[in-house]
Amino acid sequence: MAYAVIAMEKIMHIPDGYLGPATYGSLWAVMLPIWGLASRKVKQTVKTAEVPYLAMGTVFSLMAMMFVLPIPGGTTGHISGTTLVAILLGPWPAIVAVTISLAIQALIMGDGGITAIAANCFNIAVIGAFTGSGIYRLITLPGGQGRQPSARRSAFAAAIAAYLAVNAGALTASLFLGLQPVIYGESGSGYFPFPLRVALPATMLPHLTVIGALEASVTALVITFLKTQGGRFEKNS
């Protein structure tokens, strides 16, 4: 178990060699149309004057994932910022922003595998954006007479959404990894060797505790600041 935790360092950024061709190839097939749809959605909904916000979302996600937190077991973790970007810009722009961030990390910084870009984008960008924005909107449904949620309610909703979103992404990542011994056999595959009974707790325990709490706190703090300052807040796209 301890070795599994060490082997799963920053596992939300799945490295090359952990997923077999059947898995990462299927995820590329899934992500290509999603990227195409996200691109069209952004062209339709994001105005020229709002493009800098999209760039800022990319930079925020990139910076958030660069700061790692030591976790017991000899591994590290980090937040993604996906829920925050999805709340502020909408899920489709968030997918584009976080995808660009993940691609930069994989191609330039060596953080996350190149073959696993689609898998990482699915776990962090797609799952994170739709889970986070969906839960946030559900909690902050307008009250009587269409009143907008208070700063406290928005911060609470953002924290819950961010916590659940980052754990949902971690769950899908652990499922992809834990299925490799099922697909290729537990020995001689050359891919991720640990079954689901090891992959699930090794991935989820840090996210359910430290990483989830940090993601929730940062998201809530930024939303509180934006809400109380009366500036641009959220876009329902």
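This is a predicted model: local features need pLDDT of at least 70, side-chain atom pairs count only at pLDDT 80 or more; totals for chains, interfaces and linings use all residues.
Local features need pLDDT of at least 70 and side-chain atom pairs count only at pLDDT 80 or more, while totals for chains, interfaces and linings use all residues. Residues are numbered from 1 along each chain as its sequence is written, and side-chain values use heavy atoms, with hydrogens and water left out.

Helices and strands are DSSP runs, numbered from the N terminus (helices: H or I, at least four residues; strands: E, at least two). Helix α4 spans residues 82–89 and is mostly covered. Eight of its eight residues are buried, where buried means under 20% relative accessible area, exposed over 50%, and partly exposed in between (1.4 Å probe, protein chains only). They are Thr82, Thr83, Leu84, Val85, Ala86, Ile87, Leu88 and Leu89. These residues pack against α3 (51–66), α5, α6 (117–139), α7 (151–178) and α9 (196–229).

Threonine 99 sits in helix α5, residues 91–109. Its relative accessible area is 12%, so threonine 99 is buried. Its side chain reaches the backbone oxygen of isoleucine 95 at 2.7 Å. This is a polar contact, that is, a pair of N or O atoms within 3.5 Å; within protein, one must be able to donate a hydrogen and the other to accept it, and residues adjacent in sequence count only if both atoms are side-chain atoms. Contact in general means heavy atoms within 4.5 Å. Leaving aside neighbours within four places in sequence, threonine 99 is in contact with Trp35, Cys121 and Ala125.

Aromatic rings were examined next. Rings of Phe, Tyr and Trp (its six-membered ring) pair if their centres lie within 6.5 Å; planes under 30 degrees apart count as stacked, over 60 as edge-to-face and the rest as tilted. The count comes to six aromatic pairs. Tryptophan 92 and phenylalanine 130 form an edge-to-face pair, 5.1 Å centre to centre with 80° between the planes. Tryptophan 92 lies in α5 and phenylalanine 130 in α6, so the pair ties together parts that are 38 residues apart in sequence. Tryptophan 92 is buried at 16% relative accessibility, whereas phenylalanine 130 is partly exposed at 35%.

The rings of phenylalanine 122 and phenylalanine 176 have centres 6.1 Å apart and planes at 50°, so this pair is tilted. It links α6, which holds phenylalanine 122, with α7, which holds phenylalanine 176, 54 residues apart. Phenylalanine 122 is buried at 18%, and phenylalanine 176 is buried at 17%. Ring pairs also link Tyr18, Phe192 and Phe194 into a cluster.
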